[in-house]
Amino acid sequence: MTTRLIDETLFDSADPPRLVGARCTACGTVVFPRQDSCPRCSDGTMSAHALPSSGRLWSWTLQAFPPKPPYRPPAGGFEPYHLGYVDLGEVLVEARLAIPRAEIRIGLPVRLTTVEAYHDEDGTEVLTFAFGPDREGGR
Amino acid sequence: MSRTAEVYVVGCGMHPFGRDESVTGMDMAERAVREALADAGVAWEDVGYAAGGSDVSGKPDTLVGRLGLTGVPFVNVQNGCATGASTVLAVANALRAGEAALGLAVGFDKHARGAFNASPARYGLGDWYAESGLMLTTQFFALKTRRYLHEHGISERALARVAERAFRNGAQHPLAWRRKPLTEREILDSAEVSPPLTQYMFCSPGQGAVALVLALGDRAFDLCERPVRLASLAFRTRRFGSFEVFSPWLPPGPHRSPSVDAAEAAFRGAGVRPADVRVAQVQDTDSGSELIHLAETGLCAHGEQERLLAAGDTDPTGRIPVNTDGGCLAGGEPVGASGLRQFHEVVRQLQGRAPGIQVPGDPRVGFTHVYGAPGISACAVLTV
């Protein structure tokens, strides 16, 4: 089965997954996804900046009902999913969470992974970024 | 400032909120305008400046085809949850600038059922954000609430108390949509939507319309026995470091909301303190938002909400009555009308003729607050 990333501009690499944002050369502000101007200062230029792959869960919730389009459900149909913000130190990133409900808590060490978002009409599996439990982290 | 230069609300009208398939957004707006004009004892021909807002239900200025083709200047506003406040601001500024002595602000909407869906392009975001299921306002409210409860040690029961009071107030308000009281237990046990928020902790998109007649200085006192002074109105967009709806990323904290800026400016402009407020409207798209906005606007301290709610301090008979008409939770949220509903309720409270529960003790200072995407807030202080 062929796979592709939901939007290549979000990723620095696919395997292992690594997200890429941008960093302001003047004030150091890190943003995600990339943008060409700094939302904080008007002085700097923005350069590509790979984000850390592990961090801690900052907040979380569940999406219990199927969102309206332009959301695209996975091939097997909508299933409730968790999402949250992950604190990567220099920036907090919003993401899907691949974490069992019983384990989810603020402060949980997490690591970047990918999950199925949906399938293209030609059957290609489309992957988006997510964070799962970091079994190595937090020790 | 002399009375001559002050702007007052001298009439208000409101079409009941809820669901009514027999009327369009424009139908409701026309009825609200006619009611407001009658309340002020003026005719449409007397209106020298108008502003109207609707998110999805038509161009407001086409209302002149129904009300009368008088040539009146009529500004259309589409400003999300701050639409109502923006119409009031446009009219008040026009009156102060001498364009007219009498103005009208109207807001209306009629939304489809179910949660709002937003276009990523409209918010400057990639398609991936919505396609992967991250672009829902309900998620933002839940994520901000979860973090807030964690940081301030507040229980989920406090969220249920907010909704319980909203439906209790709404049950006694003839213009509210949700008219059935619910217990804390029923609210906590209702369907999980985005935890910690349950089904009955969220408002629903709905329909409704509200209109206000505003007048300048002496004209206001000629028209109205008890005109309500627009003591201040402040509108702010977000600054760097705020935690907003539809944010794929956030800077590390602390996160300061535009609600803080707008409320500070409104209180400063009016020369009153939050502690002076005797009837307040605080945006309650969900229980968590009201709870957070109470502190962001300065009406209480961060973390104080649990005690405030448990003691009944935000009840109509409490120290600081909040959302006495049931707010968005009981009224639903027709985006264009929702902010003006707040004005309607506070004006009627300050005039001693609340449609629902009247706050006792002749309240003299009222406050309104809205918050919305993509990080806007408007606050007003109203006095008699």
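**Chain A: the annotated region**

Begin by selecting residues 50–114 of chain A, which the UniProt annotation "domain: ChsH2 C-terminal OB-fold", from an unreviewed entry, covers. UniProt positions are given in the numbering used here, feature names are shortened, and annotations may be inferred rather than shown by experiment. The model is a predicted one, in which local features need pLDDT of at least 70, side-chain atom pairs count only at pLDDT 80 or more, and totals for chains, interfaces and linings use all residues. Residues are numbered from 1 along each chain as its sequence is written, and chains are lettered from A and ligands numbered from 1 in the order in which they are written.

With residues 50–114 of chain A still selected, colour by secondary structure: the stretch is 0% helix and 46% strand. Its end C-alpha atoms are 16 Å apart. Helices (H or I, at least four residues) and strands (E, at least two) are DSSP runs, numbered from the N terminus.

**Chain A as a whole**

The C-alpha trace of chain A spans about 45 × 40 × 30 Å along its principal axes.

Of the 139 residues in chain A, 36% are buried. A residue is buried if 20 or more other C-beta atoms lie within 10 Å of its own, exposed if 12 or fewer, and partly exposed in between, with C-beta atoms placed from the backbone.

Next, select Phe32(A) and Pro33(A), which are joined by a cis peptide bond with omega of about -5°. Pro33(A) lies in the loop between β4 (30–31) and β5 (46–50) of chain A.

**Chain B: two domains**

Move to chain B and colour domain 1 (3–113 + 208–223) and domain 2 (133–204 + 229–383) separately; the bounds come from an automatic or database domain assignment. The centres of the two domains of chain B, taken over C-alpha atoms, are separated by 24 Å.

Where they meet, 33 residues of domain 1 of chain B are in contact with 29 residues of domain 2 of chain B. Contact requires the C-beta atoms of two residues, placed from the backbone, to lie within 7 Å. On the domain 1 side, β1 (7–18), α3 (83–96), β4 (102–110) and β7 (207–216) of chain B each supply at least two residues. The largest share of that side, eight residues, comes from β1(B).

**Chain B: backbone details**

Select Pro195(B) and Pro196(B), where a cis peptide bond has omega of about 10°. Pro196(B) is in the loop between β5 (192–194) and β6 (197–198) of chain B.

Two further stops have a positive phi. Asn323(B), not a glycine, has a phi of about 50° and is found in the loop between α11 (305–310) and α12 (327–331) of chain B. Is Asn323(B) buried or exposed? Asn323(B) counts as buried because it has 26 C-beta neighbours inside 10 Å.

Finally, select Asp362(B), also with a positive phi of about 50° although it is not a glycine. Asp362(B) is in the loop between α13 (335–350) and β11 (365–372) of chain B. With 11 C-beta neighbours inside 10 Å, Asp362(B) counts as exposed.
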